[in-house]
Amino acid sequence: TVVFDSVFNKVPPQQVRQGLRRGFERWGVPGRLRLDNGWPWGGWFDLPTPLAVDLAGLGLGLDHNDPRSPRQNSVVERSHQTTQAW
């Protein structure tokens, strides 16, 4: 399914919020989300990203992947390897 019309790490946070809202309306709000370390999910800052604050404000538990731990996000990491090979 195509969720965004651009490369995932170039999607503006507002567009991510809208996509999440549509998903939550359709399937409900999950109890927890696993987030990657890169923008807009997380980053190397002292404060959480605006998107992480929004999700926490909805009462979601947030689990961030540990840096350099591809096994915690294996499907996405494998897709990176596949697209690089193309």
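A crossing is left-handed if the near helix is turned anticlockwise from the far one by less than a right angle, and right-handed if clockwise. The model is predicted, with local features requiring pLDDT of at least 70 and side-chain atom pairs pLDDT 80 or more, while totals for chains, interfaces and linings use all residues. Residues are numbered from 1 along each chain as its sequence is written, and side-chain values use heavy atoms, without hydrogens and water.

**View 1. The chain and its secondary structure.** The chain contains three helices and two strands, arranged along the sequence as α-β-α-β-α. Helices (H or I, at least four residues) and strands (E, at least two) are DSSP runs, numbered from the N terminus. Of the 86 residues, 24% are buried, where buried means under 20% relative accessible area, exposed over 50% and partly exposed in between (1.4 Å probe, protein chains only). Among contacts (heavy atoms within 4.5 Å) with a separation of 6 or more, 54% join residues 24 or more positions apart.

**View 2. Packing of helix α1 against helix α2.** Helix α1 (residues 13-27) and helix α2 (residues 50-57) pack at an angle of about 25°, and their axes lie 11 Å apart. Axes are lines fitted to C-alpha atoms, for helices over the stretch in contact, with angles from 0 to 180 degrees between N-to-C directions. The α1 and α2 crossing is right-handed. On the α1 side, Val16, Arg17, Leu20 and Phe24 meet Pro50, Leu51, Asp54 and Leu55 of α2. The residues of this contact comprise six nonpolar, no polar and two charged.

**View 3. The largest nonpolar core.** Nine residues form this core: Val11, Val16, Leu20, Phe24, Leu33, Leu35, Leu51, Leu55 and Leu60. A nonpolar core is a set of buried Ala, Val, Leu, Ile, Met, Phe, Trp, Tyr and Cys residues joined through side-chain atoms within 4.5 Å. Helix α1, strand β1 (32-35) and helix α2 each supply at least two of the core residues, and α1 gives the most, with three.

**View 4. Proline 30 and leucine 60.** Proline 30 is placed in the loop between α1 and β1 and, because its relative accessibility is 29%, counts as partly exposed. Its C-alpha atom is separated by 6.9 Å from that of leucine 60, 30 residues apart along the chain. Leaving aside neighbours within four places in sequence, proline 30 contacts Phe24 and Leu60. With the corresponding exclusion, leucine 60 contacts Phe24, Val29, Pro30, Gly31, Leu33 and Leu55.

Key: Nonpolar A, V, L, I, M, F, W, Y, C, P; charged D, E, K, R; others polar.
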